[in-house]
Amino acid sequence: MRVEAVAPEPALAELLPGAAYADAYRAVSELRSLDAPSAARRIMGRSPRWVRALMRLRNALVAPFGLKPGHEGDPDHVGIFPVLSQSPGCVILGLDDRHLDFRVAVEVVPAPGQRRRITVTTLVRPHNLWGRIYLKLILPFHRLIVAAMIAQAEKQ
């Protein structure tokens, strides 16, 4: 599955007014029955080993600063991310924290040839200096992780 960076849909800016950062990544899946909740579980519900290792390191490094760790296994979460809303076409994940707020939208729409187009959009709104520093530090990893995670949408 080929993953490409695309411009975030302007309408999604409403998910997090005042966001200082937004990106979107898109891929086309051959899975005809894929909807947004199942895509979100496939993408966010499991991680490659190297991503899990990075998340453990992240949690250890940010704990002294009061950043919240994920809650894997919680029924109101997909992977470590809280579900804010969901429909067959779009799942919104997100968290409001002391340093920053974020939203992740997983959208699935029909594509030519009975395929499905998956778009994952991330919005981040830092609140303070620590939030801005954290954002700058994680962005290079974020870009790699999102592409790797979207590629999992077709894996069983």
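**The sheet and its helices**

Tutor: An open, antiparallel sheet is formed by seven strands in the order S1-S2-S7-S6-S5-S4-S3. Strands are DSSP runs (E, at least two residues), helices are runs of H or I with at least four, and both are numbered from the N terminus; two strands pair if DSSP finds at least two bridges between them. This is a predicted model, in which local features need pLDDT of at least 70, side-chain atom pairs count only at pLDDT 80 or more, and totals for chains, interfaces and linings use all residues. Residues are numbered from 1 along each chain as its sequence is written, and side-chain values use heavy atoms, leaving out hydrogens and water.

Student: How many bridges join S1 to S2?

Tutor: Three bridges join these antiparallel strands; Ala5 has Tyr25 in S2 as its bridge partner.

Student: And how many between S2 and S7?

Tutor: S2 and S7 pair over nine bridges, also antiparallel. Ser29 has Arg116 in S7 as its partner.

Student: Is S2 mostly covered or uncovered?

Tutor: Mostly covered: seven of its nine residues are buried, meaning under 20% relative accessible area, where exposed is over 50% and partly exposed lies in between (1.4 Å probe, protein chains only).

Student: Changing topic, where is Ile133 found?

Tutor: Ile133 lies in helix H3 (residues 129-150). Because its relative accessibility is 36%, Ile133 counts as partly exposed.
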